[in-house]
Amino acid sequence: MTSSQKRIAICPGSFDPITLGHLNIIRRSAQIFDEVVVCVMHNATKTSPKFTVEERVDMVRRAVIRYPNVRVESADILLAEYAKRFENAVLVKGLRAASDFDYEFQMNLVNKRINPDLETMFLTASEKYTFLSSSVVREMAKYQADLTGLVPSELIPEIEEKARTWRKN
Ligand code: ADP
């Protein structure tokens with residue numbers, strides 16, 4: 001890498017939906033790196049997503065609009081393959097608990113097999129968001145709990161709206 005090359009962070013995830021925990025990692029990455037690419041992965045969720053990829057991308061875009069060096073993309077390929085599109089990128093992941101570490105450690109080894117040059121860096125979750133995940137948000141939304149402080153406030157109405165359809169099933 002030459003000193004003129006931009007340092008790029010890729011923040012991947014399913015963002016189903018984006019939470020303030022995700023946003024905290026994205027914001028901190030944007031302070032450390034020249035550019036951040038948030039990549040909404042089609043295939044990242046362990047369960048089938050509740051929001052379409054277009055909805056997830058749109059919500060993330062609106063949540064990061066105030067950060068000029070952050071852009072949002074989506075990918076329907078393996079993350080390690082996607083990262084090859086960038087000359088000088090590292091993956092940045094958030095770590096909440098030991099269980100995140102076990103999973104991420106394994107993923108890192110898999111990614112290295114596909115793309116040996118790809119490095120992963122970890123930021124520890126902020127204390128106030130260690131409990132927060134998209135699945136917590138989905139569960140709370142489903143049972144009409146208050147989402148304030150869990151997701152960006154401008155997204156609350158549409159998450160609540162969508163959750164109404166989950167209660168019918
Ligand atoms: P989730 O685990 O909420 O379903 P994703 O699969 O979209 O989220 O996770 C994308 C990335 O965001 C992962 O690196 C994950 O560890 C990180 N992340 C998710 N929630 C938080 C949080 N509350 N604090 C810090 N990092 C988080």
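Begin with the ligand and select Gly94, where a backbone N or O atom lies 2.5 Å from an oxygen atom of the ligand; a polar contact is counted here for a pair of N or O atoms within 3.5 Å, and within protein one atom must be able to donate a hydrogen and the other to accept it, with residues adjacent in sequence counting only if both atoms are side-chain atoms. Taken alone the ligand exposes 530 Å², and the protein buries 90% of that, with accessible areas from the Shrake-Rupley method and a 1.4 Å probe, where for residues only the protein chains shown count as cover.

Before moving on, keep in mind that this is a predicted model, in which local features need pLDDT of at least 70 and side-chain atom pairs count only at pLDDT 80 or more, while totals for chains, interfaces and linings use all residues. Residues are numbered from 1 along each chain as its sequence is written, and side-chain values use heavy atoms, with hydrogens and water left out.

**The shell around the ligand**

At Tyr129, a polar backbone atom is 2.8 Å from a nitrogen atom of the ligand.

Now widen the selection to the 17 residues that surround the ligand, of which the closest are Ser14, Gly94, Tyr129, Leu132 and Ser134; a residue is taken as near if one of its heavy atoms lies within 4 Å. At least two residues of this shell come from each of S1, H1, strand S4 (89-95) and helix H4 (98-114), the helices (H or I, at least four residues) and strands (E, at least two) being DSSP runs numbered from the N terminus. Which element gives the most to the shell? With three residues, it is H1. Coloured by class, the shell shows six nonpolar, seven polar and four charged residues, where Ala, Val, Leu, Ile, Met, Phe, Trp, Tyr, Cys and Pro count as nonpolar, Asp, Glu, Lys and Arg as charged, and the others, Gly among them, as polar.

**The loop between S1 and H1**

Select Phe15 next, in the loop between S1 and H1, and check its backbone: phi is positive, about 50 degrees, although Phe15 is not a glycine. Phe15 counts as buried at 3% relative accessibility, buried meaning under 20% relative accessible area, exposed over 50%, and partly exposed in between (1.4 Å probe, protein chains only). A cis peptide bond, with omega of about 5 degrees, joins Asp16 and Pro17, and Pro17 lies in the loop between S1 and H1.

Then go to Thr19, found in the loop between strand S1 (8-13) and helix H1 (20-32). Is Thr19 buried or exposed? Its relative accessible area is 2%, so Thr19 is buried. Its side chain reaches the backbone nitrogen of Gly21 at 3.1 Å. Leaving aside neighbours within four places in sequence, Thr19 is in contact (heavy atoms within 4.5 Å) with residues including Leu132, Ser133, Ser134 and Val137.

**Aromatic pairs**

Select Phe51 and Trp166, an edge-to-face pair with 5.8 Å centre to centre and 85 degrees between the planes; rings of Phe, Tyr and Trp (its six-membered ring) pair if their centres lie within 6.5 Å, with planes under 30 degrees apart counted as stacked, over 60 as edge-to-face and the rest as tilted. Phe51 lies in the loop between strand S2 (35-41) and helix H2 (53-63) and Trp166 in helix H6 (residues 156-168), so this pair ties together parts that are 115 residues apart in sequence. Both Phe51 and Trp166 are buried.

Continue to Phe101 and Phe105, whose ring centres are 5.4 Å apart and whose planes stand at 40 degrees, so the pair is tilted. Both lie in helix H4, four residues apart, about one turn of the helix. Phe101 is partly exposed, with a relative accessible area of 40%, and Phe105 also counts as partly exposed, at 47%.

Finish with Phe122, found in strand S5 and partly exposed at 31% relative accessible area. Not counting residues up to four places away in sequence, Phe122 touches Lys93, Leu95 and Glu104. Ala125 has its place in the loop between strand S5 (120-124) and helix H5 (134-142), and its C-alpha atom is separated by 7.2 Å from that of Gly21, 104 residues apart along the chain.
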